[in-house]
Amino acid sequence: MLPRQSGLTRRLLFSAVATFMGAASLSAHAETRVTYKSASAGTAYYQMGVELSEAIKAGTDGNIVITLEESQGSVQNVMEVMARHGNYVFTTPPALVTQAAASEGPFAERPNPRFEEIRGLFPIPAITMHFVVNSDEGVVGLDALEDKHVLIGRGTFGAREAERYLELFGLMDSLRIANAEIGSGPDALKNGQIDAFVTASSFPTPNVIETAASMPISLVSLTDEQIEQTGSARQTIPAGSYPGIDEDVQTTSLPVIAYTTTDMDEETAYTLTRTFWERRETMAEETAWWGGISHEMIANMAGSLHPGAIRYYDEAGIEFPDRLR
């Protein structure tokens with residue numbers, strides 16, 4: 001009897017191991033990994049990436065796991081489409097997607113057919129221009145930057161936009177531009193190495209919060225005429241968004257979209273898009289910047305939506321322009 005029982009025990013053990021291995025295999029198969037590339041650490045957009053990663057993981061019961069990667073800006077994010085395959089998600093203003101597809105602007109010397117495979121998923125909070133000055137006045141005009149040492153960063157959309165504004169308003173000849181990355185702005189301002197820095201990020205942005213918590217700062221508020229001259233959308237930073245800023249600040253913003261490519265399968269794109277919208281209100285309860293996202297912002301997208309995103313929007317009855325199909 002003993003050998004027979006041993007044989008039965010072995011068969012039961014083998015069956016249990018096979019069942020466990022099969023379940024583990026199914027679990028591993030069910031887990032989908034996505035790379036998400038947004039911005040440099042310390043910025044609002046990097047923090048958004050952290051929050052979005054957590055929301056997607058929670059909303060899919062861990063079936064989609066996002067790996068967050070630091071980036072030097074939107075141009076780099078789009079450029080990496082040339083080499084990235086699989087589930088690559090990145091953030092960028094829609095205008096850069098248009099330029100990439102047309103081989104214009106920063107993509108003029110690096111045309112690539114992969115850019116035509118970019119597809120949209122959902123909007124995220126808009127890029128908002130912040131002009132941060134070492135001053136205790138709270139809200140100031142652009143003339144506060146005259147004759148100052150200003151850090152605008154290098155190679156990012158924010159740096160290019162800051163330079164455009166300074167040239168547009170005739171300030172470039174009256175100030176010095178610091179040769180440093182934007183991430184060093186808060187420390188440089190606190191240490192007296194610069195007089196101001198310009199950062200482009202959704203509000204409230206961590207590097208401005210960090211600075212305002214440790215020293216008096218002022219934010220530049222643009223006039224109606226100046227905003228019109230920039231050609232960008234008006235954005236109001238509400239009073240109280242940062243310590244010491246007790247008045248509304250008028251500035252500009254640019255829409256930002258989460259994109260992927262045709263390499264992503266329809267089911268993954270569908271689940272990412274659905275989970276984003278289902279978790280948006282929960283994210284807004286934790287961080288204010290998610291509260292400004294609306295279905296209408298889908299229309300800011302350039303190019304085309306991913307078929308998986310289209311499937312979700314159609315099922316949910318969310319309208320969007322036909323040009324995005």
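**Reading a core and a strand**

Mentor: In this predicted model, phenylalanine 122 touches Leu52, Ile257, Ala258, Leu272, Thr273, Phe276, Trp277, Met301 and Tyr313, leaving aside residues up to four places away in sequence.

Trainee: Which residues touch the most other members of the largest nonpolar core?

Mentor: The general idea is that, in soluble globular proteins, nonpolar side chains tend to be buried together. Here the largest nonpolar core has 77 residues, and those touching the most other members are Phe115, Phe122, Leu145, Leu272 and Tyr313. Strand β4, residues 118-133, supplies the largest share of this core, with eight residues. Apart from it lies another core, made of 19 residues, including Ala178, Leu189, Leu219 and Ile245.

Trainee: Why is strand β11 described as largely enclosed by the rest of the structure?

Mentor: A residue counts as buried when its relative accessible area is under 20%. In strand β11, which covers residues 249-261, eleven of the 13 residues are buried, and therefore the strand is largely enclosed by the rest of the structure.

Trainee: Which residue in β11 is the bridge partner of threonine 92, and which is the bridge partner of arginine 234?

Mentor: Strand β3, residues 88-92, is joined to β11 by three bridges in an antiparallel arrangement, and threonine 92 has isoleucine 257 as its bridge partner in β11. Strand β10, residues 233-237, also runs antiparallel to β11, with five bridges between them, and the partner of arginine 234 in β11 is threonine 252.

Definitions and conventions:
Residues are numbered from 1 along each chain as its sequence is written. This is a predicted model: local features need pLDDT of at least 70, side-chain atom pairs count only at pLDDT 80 or more; totals for chains, interfaces and linings use all residues. Side-chain values use heavy atoms; hydrogens and water are left out. A nonpolar core is a set of buried Ala, Val, Leu, Ile, Met, Phe, Trp, Tyr and Cys residues joined through side-chain atoms within 4.5 Å. Buried means under 20% relative accessible area, exposed over 50%, partly exposed in between (1.4 Å probe, protein chains only). Helices (H or I, at least four residues) and strands (E, at least two) are DSSP runs, numbered from the N terminus. Contact means heavy atoms within 4.5 Å. Two strands pair if DSSP finds at least two bridges between them.
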